[in-house]
Amino acid sequence: MMRTGKILRVAPGYNPNSSSLGVDVAFLLFGSIAVTTLTLVVGSAVRLWRRTPSSRRDGV
Amino acid sequence: MASDPPRFRYERFGGIVALSRPRSVAYLDREYARSIGFHDHPRWRGSAALGDGPLSAPTEVHLVLSRRCSAGCTGCYVGATPDGPALSEIDARAAIDRLAEMGVFHVALGGGEAVDLPYLLDVARHARRRGLVPNLTTSGLPVSDMFAREAAAVFGQINVSVDGLGAEYSRARGYDGFARAERALQLLRARTPHVGVNCVVSRDNADRLGPVVAWARSLRLSEVELLRFKPTGRGAGIFADRDLTPRQARLIYPRALWLGLRHHIRVKLDCSFAPMIFAWRPSRRVADFLGVLGCAGGDVLASIMPDGQWIGCSFGGPSEGHFRDPSVWERGFGAFRDFTTHAPEPCASCEYLALCRGGCRVVAAAAAGDWWQPDPGCPRVQRWKATHPKEPIGSSGPPPNHKLPVVA
């Protein structure tokens with residue numbers, strides 16, 4: 001099976017606040033379930049994005 | 001607003017992708033980045049471990065557009081005044097350009113009262129054009145219906161500062177502005193769902209956060225972010241009276257959890273509350289995955305002040321150099337980045353050190369009198385002090401020649 005690597009970290013949401021990283025505490029409560037869910041959702045979004053031809057530009 | 005295309009930035013461990021659907025910033029390892037079509041990069045030399053050094057650029061930057069505000073909040077952490085300094089529009093745009101070149105994803109525009117600046121929306125639109133997501137914090141006092149309509153079209157998230165309801169707002173801020181803040185929230189919420197509340201938690205309101213969260217829910221807001229009271233600006237003089245009691249500090253994490261579940265709204269804690277979260281011993285793996293970090297100044301985040309100077313955190317720290325100097329990010333921020341390697345006890349033996357990073361440096365500097373001491377509000381630090389009464393918490397600090405240039 002082809003190795004696909006790992007999503008190491010997901011920081012959900014936008015942070016409008018002055019220099020403070022906001023942590024949504026509910027994700028912590030749900031532990032591994034939150035990790036699995038975020039990995040699946042974010043992974044799907046990333047792979048969907050990279051399938052579109054216009055996304056093939058390299059990063060910064 | 002249409003969703004923005006994702007953006008990717010190479011990092012030593014692989015890369016970071018910023019998404020607008022779902023709104024998130026995801027760190028990918030090299031293998032994952034390769035699997036979605038990114039190629040090997042010069043940054044992929046050496047260690048591939050996340051956390052083995054600072055990021056190549058912050059993921060978000062707080063652009064402090066001004067120290068100008070007429071509200072006069074008693075605890076204003078930038079000590080804003082009606083005629084305080086402000087970054088000019090030209091400089092603000094140039095700062096945005098610099099952040100775009102660095103690959104920064106999000107910029108938090110604030111002050112002072114950023115909404116008072118006539119060029120705020122133009123700067124935010126410029127950020128959008130350069131691929132950054134602009135977000136905004138405001139007191140809400142100057143928000144009009146026209147501003148709400150235009151702001152909703154450009155900002156990713158807008159939070160209004162509200163530390164209590166009715167008379168509690170007046171007690172916390174020193175003036176009666178609750179009705180106007182509530183009106184601002186209603187105007188903004190009528191235009192966008194991405195509106196929330198920033199609530200500074202102090203000794204006075206820590207036991208009465210429920211009504212604020214319930215009220216935010218009743219306005220159909222998206223989040224309540226709880227922020228620790230900081231001993232900076234005008235807050236420095238009243239910190240001793242406003243700082244949380246040890247019991248309040250210990251309970252802030254379960255309280256935030258309960259309030260979020262009870263009222264079905266996202267409740268967030270700011271990074272200075274990290275020691276209070278880690279005191280409950282959550283899974284390190286999960287906390288790391290979710291980016292639950294203590295002081296991430298000079299790494300994940302940083303600030304640019306109204307004089308154009310980089311600073312690790314807008315609450316404090318040394319000026320690192322002007323934003324126009326492209327070498328600052330690489331060579332600066334030692335006051336933030338070096339704590340974990342110099343951490344004294346009890347931080348040195350704490351299993352959460354790599355995540356917590358000693359809690360809030362600004363609180364340590366103001367309350368303990370030493371930038372390099374552990375955060376005195378940390379429950380573990382307080383327990384350690386109680387069990388080691390004769391052993392002062394010493395500052396291991398940086399070595400005496402720290403950051404001095406090598407003379408050939």
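## Confidence and ground rules

Chain A comes out with a mean pLDDT of 84, and 75% of its residues reach 70 or more; pLDDT is the predictor's confidence in each residue, from 0 to 100. Among the elements of chain A, strand β1 (residues 7-12) has the highest mean pLDDT, at 95, while strand β2 (residues 23-24) has the lowest, at 77.

This is a predicted model, so local features need pLDDT of at least 70 and side-chain atom pairs count only at pLDDT 80 or more, whereas totals for chains, interfaces and linings use all residues. Residues are numbered from 1 along each chain as its sequence is written, chains are lettered from A and ligands numbered from 1 in the order in which they are written, and side-chain values use heavy atoms, with hydrogens and water left out.

## Chain A in outline

Chain A has two helices and two strands, running β-β-α-α from the N terminus. Helices here are DSSP runs of H or I with at least four residues, strands are runs of E with at least two, and both are numbered from the N terminus.

Of the 60 residues in chain A, 43% count as buried. That label means under 20% relative accessible area, with exposed meaning over 50% and partly exposed in between (1.4 Å probe, protein chains only). The accessible surface of chain A is about 3200 Å², and 65% of it belongs to carbon and sulfur atoms. Areas come from the Shrake-Rupley method with a 1.4 Å probe, and for residues only the protein chains shown count as cover.

## Helix α2 of chain A

α2(A) has 21 residues and reaches 30 Å from its first C-alpha to its last, close to the 30 Å expected at 1.5 Å a residue. The expected span is 1.5 Å times one less than the number of residues. Its buried residues include A:Ala34, A:Leu38, A:Val42, A:Ala45 and A:Trp49. Looking down the axis of α2(A), the buried residues fall within an arc of 165°, so they line one face of the helix; the arc is that of the directions from the helix axis to the C-beta atoms. An α-helix has 3.6 residues a turn, so residues three or four places apart point the same way.

The face of α2(A) turned away from the buried side carries the exposed residues A:Ile33, A:Leu40, A:Leu48 and A:Arg51.

## A patch across two chains

A:Ile33 turns up again in a nonpolar surface patch with A:Leu29, A:Phe30 and B:Leu261, about 390 Å² of accessible area together. Patches are built from residues with over 30% relative accessible area and no salt bridge, joining like charges within 9 Å and nonpolar side chains (Val, Leu, Ile, Met, Phe, Trp, Tyr) within 5 Å. A:Phe30 sits in the loop between α1 (25-29) and α2 (31-51) of chain A, and is partly exposed at a relative accessible area of 44%.

## Salt bridges

A salt bridge here is a side-chain nitrogen of Lys or Arg within 4 Å of a carboxyl oxygen of Asp or Glu.

B:Arg255 lies in helix α9 of chain B and B:Asp207 in the loop between β8 and α7 (210-218), so the pair ties together parts that are 48 residues apart in sequence. B:Arg255 is partly exposed at 23% relative accessibility, and B:Asp207 is partly exposed at 43%. Another salt bridge pairs B:Asp270 with B:Lys230 (2.8 Å, N to O). B:Asp270 is in the loop between β10 (266-269) and α10 (274-278) of chain B and B:Lys230 in the loop between β9 (223-228) and α8 (239-242), so this pair ties together parts 40 residues apart in sequence. Both B:Asp270 and B:Lys230 are buried.

B:Arg191 and B:Asp145 also meet in a salt bridge (3.3 Å, N to O). It links distant parts of the chain, 46 residues apart: B:Arg191 in the loop between α6 (178-189) and β8 (195-201), and B:Asp145 in helix α4 (residues 145-154) of chain B. B:Arg191 is partly exposed at 38%, as is B:Asp145 at 37%. Finally, B:Glu223, B:Glu225, B:Arg266 and B:Lys268 are linked in a network of salt bridges.
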